[in-house]
Amino acid sequence: AAAAEKGRWAGALAGLVGGAVAAPVVVFGASAGALISARAVDTDRISGELSGMLGSDITSDETWRLILLAVAFAAVLQVVILVGAATAAGAWTTRK
């Protein structure tokens, strides 16, 4: 039982390290793609849509700040989910 528990911890640690290594690459790629897409659409157009939906005047600068905030929030979620899933997968594969 102790050996099996030690193996699970080793697998979880391997998954944690693997997730921590892969996370920056995944997050950078996803964030870069989101920012390039937002830039291609044009913040004036996005701010017009947001102003219409929310019923208040939103400037292009405010829109760009919202986009950056959303990308940062998504990046944090991606890291948490990726590292958590990799850790769980590592522990899962070493169970008996």
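Predicted model: local features only at pLDDT ≥ 70, side-chain atom pairs only at ≥ 80, totals over all residues.
Colleague: What makes α2 roughly perpendicular to α3?

Modeller: Helix α2 (residues 43–54) packs on helix α3 (residues 60–93) at an angle of about 90°, and their axes are 9 Å apart. Angles of 65 to 115 degrees count as roughly perpendicular, and therefore α2 is described as roughly perpendicular to α3.

Colleague: Which residues make the contact?

Modeller: From α2 come Thr43, Asp44, Ile46, Ser47 and Leu50, and from α3 come Ser60, Thr63, Trp64, Leu66 and Ile67. The residues of this contact comprise five nonpolar, four polar and one charged.

Colleague: How do you know that the side chains of Asp44 and Ser60 make a polar contact?

Modeller: A pair of N or O atoms must lie within 3.5 Å, with one able to donate a hydrogen and the other to accept it; the side chains of Asp44 and Ser60 are listed at 2.3 Å, so their pairing counts as a polar contact. Asp44 itself is found in helix α2.

Colleague: How far apart are Asp44 and Thr63, in sequence and in space?

Modeller: Asp44 and Thr63 are 19 residues apart in sequence, while their C-alpha atoms are 8.3 Å apart in space.

Methods
Residues numbered from 1 in each chain as written. Heavy atoms only, no water. Axes fitted to C-alpha atoms, helices over the stretch in contact; angles between N-to-C directions. Helix = DSSP H or I, 4+ residues; strand = E, 2+ residues; numbered from the N terminus. Parallel < 35°, antiparallel > 145°, perpendicular 65-115°, else oblique. Contact = heavy atoms within 4.5 Å. Nonpolar A, V, L, I, M, F, W, Y, C, P; charged D, E, K, R; others polar.
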